[in-house]
Amino acid sequence: MTITPLMPVYPRCGVRPVRGEGCYLIGERDERYLDFASGIAVNLLGHGHPALVKAIADQAATLMHVSNLYGSPQGEAFAQKLVDKTFADTVFFTNSGAEAVECAIKTARRYHYANGNPERTKIITFANAFHGRTLGTISATNQPKMRDGFEPLLPGFEVVAFNDLAAAEAAVDDATAGFMVEPVQGEGGMTPSSQEFLQGLRRICDEKGLLLILDEVQCGYCRTGTFFAHEQYGITPDIMAVAKGIGGGFPLGACLATEEAAKGMVIGTHGSTYGGNPLAMAAAEAVFEVAVNDTFLANVRAMGDRLRQAIEQMIPNHDDVFDSVRGMGLMIGIKLKDAVEARAMVAHLRDNHGLLSVAAGENVVRILPPLVIDESHIAECVEKLSAGARTIGGAS
Ligand SMILES: *Cc1c(COP(=O)(O)O)cnc(C)c1O
């Protein structure tokens, strides 16, 4: 037998973390890493944040799980907080981002069904998008590495070029339910939507009775310096998928919607055994209390500006390796020159300089620090990036 007990779908690297302390991860051999990957934009509060640890421990001892057959004081309280702070009137809790996107797709189709337009099933999505790994969410992307061998996929998606408003508008027909888009593409290469693009999609939806679904699984939840990234575009969606940061490391996702958009989601139409259980809600409440306020968000913006400026200043000294910087807030991408491969750079920074980052599409290195970093972490990151750029050619 050569297959590993863990299904070998991930190219796992040599880092084998056993402990976390704030913005650092500690490996099996006691080696330390500056964690600017944050479990792929998940650990908003870093590792071992006392408020989050205590909330989970206390709730685990009190009541962990009961199913959604019973009333949920914990779920009602947290959903109310999300509703108070966003465009949404109602929330469905899931265990992951892909499930939140699935709920968003179902909500959109069901809306048109409830309106007497059951033929409006097509969702227009965008090249390089990433919405998850379920059959439904891989149907919404055009990336062959995710789709090949899994066909037949779910019909009812059309992929057009990202940031191309004319292409999006041209794809609308009588069967269209709406658009689904990441305000800032994450896996695809840390590319923000342009203002005209996102505002244009909103306008088309308003004119044609379509729904705007935002996938803020990666760019949402304080990552870009506002609670949600769309706030920086002056628009609101009808439906939004959220996950990653929302539980600070506890698996949780959410599908948010307006009352109008959720009009088809009546009793019996959707469900989840675990979704929003008391333990998940306790974790989410703890993260929310720390992160969702003006002081915390102002610090994310300040640290995002500092980190970006520091990287921009460093690039001319290493312009054989680094090309440019992109992104919003603490969702930063460094595009590399063609001669250096992003995966190789991520591995080099990790193995030789103790810095964790993540590769993304378009030859981009993703910098996704915990949102609780201070100036010292920024200085350390830039020093490691700079050292990494110096040594990538000759390093073992
Ligand atoms: C990570 C991600 C998902 C999928 O989330 P999972 O929790 O892995 O299912 C969906 N959309 C975006 C934009 C993501 O970054």
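**The ligand site and beyond**

Mentor: Let's begin with Gln-218, which sits in the loop between β10 (211-215) and β11. Keep in mind that this is a predicted model.

Trainee: Thanks! How far is a polar side-chain atom of Gln-218 from an oxygen atom of the ligand?

Mentor: Gln-218 is among the residues around the ligand, together with others such as Asp-215, Val-217 and Lys-244. A polar contact needs N or O atoms within 3.5 Å. For the side chain of Gln-218 and a ligand oxygen atom, the separation is 2.8 Å.

Trainee: Which residue has a side-chain N or O atom 2.7 Å from a nitrogen atom of the ligand?

Mentor: Two side chains can be set next to each other here. That of Lys-244 has an N or O atom 2.6 Å from an oxygen atom of the ligand. The one that lies 2.7 Å from a ligand nitrogen atom belongs to Asp-215.

Trainee: What share of the ligand's accessible area does the protein cover?

Mentor: Start from the ligand on its own, which has 390 Å² of accessible area. The shell around the ligand comprises 3 nonpolar, 5 polar and 3 charged residues.

Trainee: Which residue does UniProt list as N6-(pyridoxal phosphate)lysine?

Mentor: The record is an unreviewed entry, and it gives this as a modified residue. The residue is found in the loop between β11 (239-242) and β12 (253-257). Apart from neighbours within four places in sequence, its contacts include Ile-40, Val-217 and Leu-252.

Trainee: Are the rings of Phe-78 and Phe-93 stacked or edge-to-face?

Mentor: The structure holds 9 aromatic pairs, this one among them. Phe-78 belongs to helix α3 (residues 73-85) and Phe-93 to strand β4 (residues 90-94), so the pair ties together parts 15 residues apart in sequence. The ring centres are 5.7 Å apart and the planes meet at 20°, so the pair is stacked.

Trainee: Last one: is the peptide bond from Glu-151 to Pro-152 cis or trans?

Mentor: Pro-152 is located in the loop between α6 (144-147) and β6 (157-160). Omega for the bond from Glu-151 to Pro-152 is near 5°, and the bond is cis.

Technical notes
Residues numbered from 1 in each chain as written. Predicted model: local features only at pLDDT ≥ 70, side-chain atom pairs only at ≥ 80, totals over all residues. Heavy atoms only, no water. UniProt positions renumbered as here; feature names shortened; annotations may be inferred. Helix = DSSP H or I, 4+ residues; strand = E, 2+ residues; numbered from the N terminus. Contact = heavy atoms within 4.5 Å. Near = heavy atom within 4 Å. Polar contact = N/O pair within 3.5 Å; in protein donor to acceptor, adjacent residues only side chain to side chain. Areas by Shrake-Rupley, 256 points an atom, 1.4 Å probe, with all protein chains shown as cover. Nonpolar A, V, L, I, M, F, W, Y, C, P; charged D, E, K, R; others polar. Phe/Tyr/Trp six-rings, centres within 6.5 Å; stacked < 30°, edge-to-face > 60°.
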